[in-house]
Amino acid sequence: ITEIFEGPAKGTIVNMFCNDVSSGSEITINVDLKLSLKATFLKPFIKKFYQKYLTALILKITNRVESL
């Protein structure tokens, strides 16, 4: 669980769940995005950014684990 404490996304909570499945692992990410009134119009862009950033983070972790 990650919570953003300051900035326009203050109060946003990111939950990441990892489950073992027969073919490997399943990762589920839930984001409760809370934006200030000023940043509300940026919500579609911020959602895309989070999706790309979290996907890249998971791929980076996977690559490091596979290289061990």
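## Second largest pocket

M16, C18, S25, I27, I58, I61, T62, V65 and E66 line the second largest pocket of this predicted model. A pocket here is an open set of points on a 1 Å grid over the protein atoms alone, where a 1.4 Å probe fits, with protein on both sides within 12 Å along at least five of seven lines; lining residues have an atom within 4 Å of a point. The volume of the second largest pocket is about 180 Å³, a volume being the space filled by probe spheres set on the points.

Strands β2 (13–21) and β3 and helix α1 each contribute at least two residues to this lining, and α1 provides the largest share, five residues. Helices (H or I, at least four residues) and strands (E, at least two) are DSSP runs numbered from the N terminus. The lining comprises six nonpolar, two polar and one charged residues; Ala, Val, Leu, Ile, Met, Phe, Trp, Tyr, Cys and Pro count as nonpolar, Asp, Glu, Lys and Arg as charged, and the others as polar.

## Largest pocket

The largest pocket has a volume of about 230 Å³. Its lining consists of I29, N30, V31, L33, K47, Y50, Q51, L54, T55, I58 and L59. By class, seven lining residues are nonpolar, three polar and one charged.

## Aromatic pairs

Two aromatic pairs are present in the structure. F49 and Y50 form a tilted pair, 6.3 Å centre to centre with 55 degrees between the planes. F49 and Y53 form a stacked pair, at 5.9 Å and 15 degrees. Rings of Phe, Tyr and Trp (its six-membered ring) pair if their centres lie within 6.5 Å; planes under 30 degrees apart count as stacked, over 60 as edge-to-face and the rest as tilted. F49 and Y53 are four residues apart in helix α1 (residues 43–67), and are therefore separated by about one helical turn.

Ring pairs join F49, Y50 and Y53 into a cluster. Within it, F49 is exposed at 53% relative accessible area, Y53 is partly exposed at 46%, and Y50 is buried at 14%. Buried means under 20%, exposed over 50% and partly exposed in between, with a 1.4 Å probe and protein chains only. Y50 also belongs to the lining of the largest pocket.

## Basis of the values

Residues are numbered from 1 along each chain as its sequence is written, and side-chain values use heavy atoms, leaving out hydrogens and water. In this predicted model, local features need pLDDT of at least 70 and side-chain atom pairs count only at pLDDT 80 or more, whereas totals for chains, interfaces and linings use all residues.
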